[in-house]
Amino acid sequence: MLQLAYIRDNKQATIEGLKRKYFKTAEETVNEVLEIDRKRRDTQAELDATLAKSNLLAKEIGGLMKEGKKAEAEAIKGQTADLKALSKDLEESLKTFESSLHDLLLTIPNLPHESVPEGRTPEENINIFEQGEFPVLHEAAKPHWELIKQYDIIDFDLGNKISGAGFPVYKGKGAKIQRALINFFLNEAEAAGYKEVQVPILVNAASGYGTGQLPDKEGQMYHATADDLYLIPTAEVPITNIYRDVILSENDLPVKHAGYTPCFRREAGSWGAHVRGLNRLHQFDKIEIVQIRKPEESYQALEEMVEHVKGLLTKLGLPFRILRLCGGDMGFTSALTFDFEVYSAAQERWLECSSVSNFEAYQANRLKLRYKVDGKTQLLHTLNGSALALPRILAAILENNQTPEGIKVPSVLVPFCGFDTI
RNA sequence: GGAGAGAUGGGUGAGUGGCUGAAACCAACAGUUUGCUAAACUGUCGUACUGGAAACGGUACCGCGGGUUCGAAUCCCGCUCUCUCCGCCA
């Protein structure tokens, strides 16, 4: 969440930033925040003064009791009742102000970086990079949802039977190529300096709030209500939350982690003809990279992560483009996001396969993730990116690499899966 | 699931009503000494809110929430979590 002090000192910039993110009630909400904050501080000042008086009297009484001056002590006791009543009242209203302030702050998205383009819809994202030729497919080329049946490598009907729509069963070479992709991505991440972690895929509500999925995306996560745990929509949640309530020292930085996890998304209300096959799933596999950086280094780190993802797609030989997301299309918690889209030749469509973001101090503020500089504690910046999400990469490989004789496996994967053709 | 124990600062751990935001030790950081390393010595060493240009103050926090009291880490109640043993189990 945004820092109160920042909003106080930069009211106009905050409002303008929120508008660029198409936050509807920018002006109204910021004013409300400042108003409640004012009341809160006044109340706190009054409460502190009251408590200070009480503390002083209590000390006096203590001293008198020791000296055996009971009568004098009793006399002072009489004065404390009013203070006590007053401080109780003040405390109550302070709590009210604090919680409404907190609730309000939770509803405010992060502010966009200055380089974020103006715009509201995905059409207004800016294409900043494109690489690779569109493959020329043979006459009988098919979209991946037909290829997977032809080669019997992914079975949606079986998944439907076991779980429901959007839970595919990978079989034989389909399963092995998944495993190959996971190993390839993890190895690449390790080579780039990311320490591998294996994390829980069910998380508590505090973790959901820490990275901002809650309360914003409550309905997007599967919720195991019996134990009040959420299935993660991305490894970002458990990996970043490793550092919740942590104060790092300067030599711990930078933190770079990579982790493979399944991801679960309810995708309520987002199904249609364009989300056939692997294009959208309730459960999918993803390798996530996460960085925790000093504020002054975070944009350099973002660049580094973009380069890493570029490298993966290049090695897989897939045509892709990079979009700089506009303010209206960016995520709730992000300050700057680059989306990677891979070209899936039979569908003749770009498919989002990675999203790399800098959250600046937004998540860190919720997480209370800080470090010490010159004796002062300061919020860190968090970043993450998919490197990569599997299903759409697999869709593109299947479609782009299909030939009448079979599907060519990218050569970098062959050592991992042990075959070069499906 | 049954029984028991516990939750204090980065760690270990003392503290059963006021002089305790909290002993001691360890770790960490800075300095002194020193051919190097090590050791020794000295100092610093929680977080948040709030007032202040700053210096420096105020308040809160010893798992969480209530209560008793002039005063609570310390007493009472509720909750959560952790650990140990037994049972079950990948």
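Helices (H or I, at least four residues) and strands (E, at least two) are DSSP runs, numbered from the N terminus. This is a predicted model: local features need pLDDT of at least 70, side-chain atom pairs count only at pLDDT 80 or more, and totals for chains, interfaces and linings use all residues. Residues are numbered from 1 along each chain as its sequence is written, while chains are lettered from A and ligands numbered from 1 in the order in which they are written.

**Helix H7**
- Gly193 follows H7 and has a positive phi, near 95°.
- H7 covers residues 173-191, 19 residues in total. Its first and last C-alpha are 26 Å apart, close to the 27 Å expected at 1.5 Å a residue (1.5 Å times one less than the number of residues).
- Buried residues in H7 include Ile177, Leu181, Phe184 and Phe185 (buried: 20 or more other C-beta atoms, placed from the backbone, within 10 Å of the residue's own).
- Down the axis of H7, the buried residues fall within an arc of 160°, so they line one face of the helix (the arc is that of directions from the helix axis to the C-beta atoms).
- Their packing partners include strand E9 (255-264), strand E10 (283-293) and helix H10 (298-316) (contact: C-beta atoms, placed from the backbone, within 7 Å).

**RNA strand B**
- Around RNA strand B lie 19 residues (C-beta atom, placed from the backbone, within 6 Å).
- Asp48, Ala52, Ala58, Ile61 and Gly62 come nearest.
- H3 gives the most to this surface, with 13 residues.

**Domains**
- Chain A has domain 1 (4-106) and domain 2 (122-417), with bounds from an automatic or database domain assignment.
- Their centres, over C-alpha atoms, are 43 Å apart.
- Each domain gives four residues to the contact.

Notes: Contact = placed C-beta atoms within 7 Å. Buried ≥ 20, exposed ≤ 12 C-beta atoms within 10 Å, placed from the backbone.
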